[in-house]
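Biologist: Could you take me through this structure step by step, starting from its contacts and ending with a few single residues?

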Amino acid sequence: MEFVRSIWENDKDYMALVEDLLEDENLLKLDEITHHHYTTRLIHSIYVSYVSYKIAKRLNLNCRAVARAGILHDFFHEGREEIAALKQGSHNCVHPKIAVKNAEILTELSELEKDIILKHMFLTTVGVGVPRYKESMVVTCVDKYCAISEISTPVRMRLKETVSRWGLKLRVVNA
Ligand SMILES: [Fe+2]
Ligand SMILES: [Fe+2]
């Protein structure tokens, strides 16, 4: 499934939970940063937020916290080199902490929302800690799913093009 804008924009219940966040200029700047080679950091964050929200709804979890913390989980503008220059730890360990700081300027965070953001890199580094809530577990799993989907998109697109080119050549040869 390609994650297109109309999917989340037409979901009124979801938008009611996050629209105040999506009006913030600083957050919207994430749309200028390439993320996972294929998408932008903002679209990745909305993707994670929306898929997590749908799962949370099914499981009767806190949909609001999941939707909002999902959007805020990668709320940082620094590149890998800038984070390395801070000398505070690995990229995977440091960027969730920066995201919490930026998120707290924008909105009030509950303990649950903070845990979701801080622990979203669970299993990728020892410095992050174990998620305390089911909601945090949902977001960390969805983040990984979305990352794999985004990173593999250019490869899948190239493969599709190659297969269709071969199909065209075969049709020409057999004509
Ligand atoms: Fe992240
Ligand atoms: Fe992420």
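Biologist: Among contacts in the protein between residues at least 6 apart in sequence, what percentage join residues at least 24 apart?

Modeller: Please keep in mind throughout that this is a predicted model. When the contacts between residues at least 6 apart in sequence are taken together, the share that joins residues at least 24 apart is 58%.

Biologist: Which order do the elements follow from the N terminus on?

Modeller: The protein has 9 helices and 2 strands, and its C-alpha atoms fill a box of roughly 65 × 40 × 30 Å along the principal axes. Read from the N terminus on, the elements run α-α-α-β-β-α-α-α-α-α-α.

Biologist: How many of the 10 residues of helix H5 are buried?

Modeller: For the protein as a whole, 34% of the 175 residues count as buried. Helix H5, which spans residues 63–72, is largely enclosed by the rest of the structure, and its buried residues include Cys-63, Ala-67, Gly-70 and Ile-71. The helices that these buried residues pack against are H2, H4, H7, H8 and H9.

Biologist: How many nonpolar residues does the contact of H5 with H8 have?

Modeller: H5 passes H8 in a right-handed crossing. On the H5 side the contact is made by Ala-65, Val-66, Arg-68, Ala-69 and Leu-72, and on the H8 side by Leu-112, Glu-113, Ile-116 and Ile-117. Divided by class, these residues give 2 charged, no polar and, as the number you asked for, 7 nonpolar.

Biologist: At what angle do H4 and H9 pack, and how many charged residues does their contact have?

Modeller: The axes of H4 and H9 are 9 Å apart and the helices pack at about 130 degrees, and they are therefore oblique to each other. Their crossing is right-handed, and the contact includes His-44, Tyr-47 and Ile-55 of H4 together with Glu-135, Asp-143 and Glu-150 of H9. By class, the contact of H4 with H9 has 9 nonpolar and 2 polar residues, while the angle is about 130 degrees and the charged residues number 3.

Biologist: How far apart are the end C-alpha atoms of residues 41–145?

Modeller: According to the UniProt record, an unreviewed entry, the annotation "domain: HD" covers residues 41–145. In the model this span is 67% helix and 0% strand, and its end C-alpha atoms lie apart by 15 Å.

Biologist: Is Glu-25 buried or exposed?

Modeller: Glu-25 has its place in helix H3, residues 25–28, and its C-alpha atom is separated by 22 Å from that of Arg-80, which is 55 residues away along the chain. Because Glu-25 has 6 C-beta neighbours inside 10 Å, and a residue with 12 or fewer passes the cut-off, Glu-25 counts as exposed.

Biologist: How far apart in space are Thr-153 and Val-126?

Modeller: Thr-153 is found in helix H9, and with 16 other C-beta atoms within 10 Å, Thr-153 is partly exposed. Thr-153 and Val-126 are 27 residues apart in sequence, and from C-alpha to C-alpha their separation in space is 28 Å.

Key. Residues are numbered from 1 along each chain as its sequence is written. Chains are lettered from A and ligands numbered from 1 in the order in which they are written. This is a predicted model: local features need pLDDT of at least 70, side-chain atom pairs count only at pLDDT 80 or more; totals for chains, interfaces and linings use all residues. Helices (H or I, at least four residues) and strands (E, at least two) are DSSP runs, numbered from the N terminus. A residue is buried if 20 or more other C-beta atoms lie within 10 Å of its own, exposed if 12 or fewer, and partly exposed in between; C-beta atoms are placed from the backbone. Two residues are in contact if their C-beta atoms, placed from the backbone, lie within 7 Å. A crossing is left-handed if the near helix is turned anticlockwise from the far one by less than a right angle, and right-handed if clockwise. Ala, Val, Leu, Ile, Met, Phe, Trp, Tyr, Cys and Pro count as nonpolar, Asp, Glu, Lys and Arg as charged, and the others, Gly among them, as polar. UniProt positions are given in the numbering used here, feature names are shortened, and annotations may be inferred rather than shown by experiment. Axes are lines fitted to C-alpha atoms, for helices over the stretch in contact, and angles run from 0 to 180 degrees between N-to-C directions. Angles under 35 degrees count as roughly parallel, over 145 as roughly antiparallel, 65 to 115 as roughly perpendicular and the rest as oblique.
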